[in-house]
Amino acid sequence: MSAADSPASQGSKLPSNVRIAGTGSYLPEKILTNAELEILVETSDDWITSRTGIKERRIAAEGELTSHLAAKAAEKALEQAGIEAADVELIIVATITPDTLTPATACYVQQHLGALKSVAFDVSAACSGFLYALELARHSVGAGAFKNAVIIGAEKLSAFVNWKDRNTCVLFGDGAGAAVLVPSENGDGRILSSHLGTDGAQAELLNIPGGGAACPITIENADQNLAVLSMQGREVFKHAVNAMRRASEQAIESAGLTAADISLVIPHQANIRIIDAVVERIDIDPKDVFINVDKYGNTSAAAVAIALDEANRQGRINSGDKILLVAFGAGLTWASAVIEW
Ligand code: UT7
């Protein structure tokens, strides 16, 4: 049984009368290249490029936190949507690298934006987090509980990477992406379907073992570097391909479409080989797939959000296009959505 067949897989077939009115993204200035990583650990540009497709990633400055990246992405999305921060009603931040354990990073983002009348909270669903946030926000806005919502995927993964572990440190980067949701009128864009899934039985495959209540960082264990990402890469790879394939097929089918109707696929950007394998299995032309993993590496919850914004601003999405978003990450979690632009 693949992860996406598990009982903890939920689909939402009803289209929402909600559209994306604006997108934004922000990447820190500092670029860390594969050549620079060759100095830090025993690796090579050739290994990283051929196994992952990653050429470089962005690293946040000291003191530049997830909430700062998130707010900068949200400001751009709000500007494009033509909505003032003071009028924002709901902020959801998807992140696994919060500024603090509590309060939520969304609370800091609310302050940075000056969105003082908004309700703000985080979701933690790793690389699927932005699409989990999309699902929560589209029902909240669609039901009329909030007039608008800003959803953000933001990560400062560089703070949770073991820079001595070549198995993980070459993979991850920092960044943020955001989207503004508003009610749609006269069929000007809708969210047609979505699909979320979770398989907690596989939680050990990808986690940050230390720093929570299960394993607090103490003087005794401080030298063990436990508050960093730990991953069984090969196992995660197999689950990723299966789950993203199934989630893609389910969202397309729930929308009453076929793969031929999809104009652009925006997949989670973890590894070009995972993307290629999924795209081949769901029978999509590779030219209709948005790729930026080469520039940013894996930015977890931010990856789909950044890619959506870049695709939007590059003019790769037109009114009426049907877009497939699909993600997979720690949890294990997976998520997909089909959007009519
Ligand atoms: O964000 C969502 C969740 N994450 C993912 O979806 C990531 C899923 N996993 C992957 O993308 C891949 O499994 C990796 C990129 C992490 C690893 O690629 P792989 O082809 O599965 O390699 P591997 O882990 O099987 O390692 C192959 C070899 C090993 O050496 P031996 O045991 O064959 O001698 C590793 O020690 O490559 C070695 N290796 C490296 N060599 C040079 C591992 N990392 C590196 C490195 N540079 N950075």
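Analyst: **From a loop to the ligand**

T100 counts as partly exposed, because its relative accessible area is 29%.

The model is predicted: local features need pLDDT of at least 70, side-chain atom pairs count only at pLDDT 80 or more, and totals for chains, interfaces and linings use all residues. Residues are numbered from 1 along each chain as its sequence is written, and side-chain values use heavy atoms, with hydrogens and water left out.

Back to T100. It sits in the loop between β5 (90-94) and α4 (105-113). Helices (H or I, at least four residues) and strands (E, at least two) are DSSP runs, numbered from the N terminus. A polar atom in the side chain of T100 lies 3.2 Å from the backbone oxygen of P103. That is a polar contact: a pair of N or O atoms within 3.5 Å; within protein, one must be able to donate a hydrogen and the other to accept it, and residues adjacent in sequence count only if both atoms are side-chain atoms. S67 is 33 residues from T100 along the chain, and their C-alpha atoms are separated by 10.0 Å.

Now the ligand. It is surrounded by 24 residues, and the closest are T43, R51, R234, N271 and N298. A residue counts as near if one of its heavy atoms lies within 4 Å of the molecule. The shell divides into 11 nonpolar, eight polar and five charged residues. Here Ala, Val, Leu, Ile, Met, Phe, Trp, Tyr, Cys and Pro count as nonpolar, Asp, Glu, Lys and Arg as charged, and the others, Gly among them, as polar.

Which elements each supply at least two residues of this shell? They are α2 (45-52), α6 (166-169), α7 (233-254), α8 (272-281) and β13 (322-329). Helix α7 gives the most, with four residues.

Some atoms pair up with the ligand. A backbone N or O atom of G233 lies 3.0 Å from a ligand nitrogen atom. An N or O atom in the side chain of R273 is 2.9 Å from a ligand oxygen atom. For N298, a polar side-chain atom lies 2.6 Å from an oxygen atom of the ligand. On its own, the ligand has 950 Å² of accessible area, and the protein covers 77% of it. Such areas come from the Shrake-Rupley method with a 1.4 Å probe; for residues, only the protein chains shown count as cover.

Look again at α7. At 1.5 Å a residue, its 22 residues should span 32 Å, and its end C-alpha atoms are 31 Å apart, which agrees. The expected span is 1.5 Å times one less than the number of residues. Its buried residues include V236, H239, M244 and S248. Just after α7, G256 takes a positive phi of about 75°.

S248 leads on to strand β13. L325 is found in that strand. L325 is buried, because its relative accessible area is 0%. L325 and S248 are 77 residues apart in sequence, yet 7.9 Å apart in space, C-alpha to C-alpha.

How values were computed
Buried < 20%, exposed > 50% of the residue type's maximum accessible area, 1.4 Å probe, protein only.
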